[in-house]
Amino acid sequence: MLYLNTDDLNHIGIRWNNTVNVIERAAACLDTGDFSQPVKPYVRFKDPANRIIAMPAYVGETFSMAGLKWIASFPHNIDQGIQRAHSVTVLNDSSTGVPLSVINSGLISGIRTASVSGLVIQKFLQAKKASGLTAGIIGFGPIGQLHLRMMMELFPESIQKVLLYDIRQVDENDIPDSIKERVQICRSWEEVYLQSDILMTCTVSSHRYIDKKPKDGSLLLNVSLRDFKSDIYDYTQTIAVDDWEEVCRENTDIEMMHQVKGLRKEDTFSIVDIVTGGVLERLTSSEAVMFNPMGMAVFDIAIGSYYYHQAAASGIGTELKG
């Protein structure tokens, strides 16, 4: 069994074109039904903000991999200088059940998250056929930083400027020198939100605060899921999710829109509709699109499989024997 940690993943590196392609191939498995993904259980503690989530899945076709991501999210860790999320991913051969790899790194989860966003942005840009756009990131912790790196590598010609805001202030040292001239640090979330053609929320906010109309024709990537007040549904009814059963629970913005605004599954479209159905190409130029990804275990196992094969081919990692 191959053991991989964060140093091993960094040694392999992040090739965003490859990881976004992995997500697109995994989405094709969702389309054909060649997958299994039980609804993930949550382990709770005395502080309801803390949780550990089990994310099991099987993804078929060329992946043919099963596994489990076990991810802890303790938002108050950042007050103690500890990262918020920690995860371990276990991969099993889907034909024998033999454990193949343990990936002990929260980075793998961040790569999956930013790669899903990258795929949605790619489809959005293909539909819009636009350039010179402004992107915005609210929340510039590890997930926000990965989103910045992903966008600047994949879409340098389409995205002209990136606006950043973090309630804890943005550390300029976290912005790569090669793109600093295209990045602007803002003083409020409103400054970012109102100007962004592509907006990403990457916060650990415990309360909703976004209550304004988005820019016409914008893409809202609601990565952190608990930033938008339900009034956003008054401004756009074009709501997308990765998986309705997963995302319409656990006090997400989608659950609140369901309870307050009557949003139903049939009122939304899915990531499969985006990736294989071409739904974004049928929208009017003024419609804002809001994508709400709860996080799909299928995508985690697909990304884990990619890094496992990369490591095995390159002799990276530590072999563990039972």
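Trainee: Which residue stands opposite L199 in β11?

Mentor: G136 stands opposite L199. Please note that this is a predicted model, in which local features need pLDDT of at least 70, side-chain atom pairs count only at pLDDT 80 or more, and totals for chains, interfaces and linings use all residues. Residues are numbered from 1 along each chain as its sequence is written, and side-chain values use heavy atoms, with hydrogens and water left out.

Trainee: In what sense do β8 and β11 pair?

Mentor: Strands are DSSP runs of E of at least two residues, numbered from the N terminus, and two of them pair if DSSP finds at least two bridges between them. Strand β8 (residues 133-138) and β11 pair in the parallel sense, over four bridges. β11 is also paired in parallel with β12 (residues 219-221), over three bridges; there M200 stands opposite L221.

Trainee: Which way do the residues of β11 point, and are they buried or exposed?

Mentor: Buried means under 20% relative accessible area, exposed over 50%, and partly exposed in between (1.4 Å probe, protein chains only). I198 and M200 point one way from β11 (residues 198-201), L199 and T201 the other way, and all are buried.

Trainee: What is the strand order of the open sheet?

Mentor: Its eight strands follow the order β10-β9-β8-β11-β12-β15-β13-β14, with parallel pairing. β10 (183-185) and β14 (268-270) stand at the edges with a single partner strand each, so one side of each has no neighbour in the sheet.

Trainee: How does W70 count in terms of accessibility?

Mentor: W70, in strand β5 (residues 65-73), counts as partly exposed because its relative accessibility is 39%.
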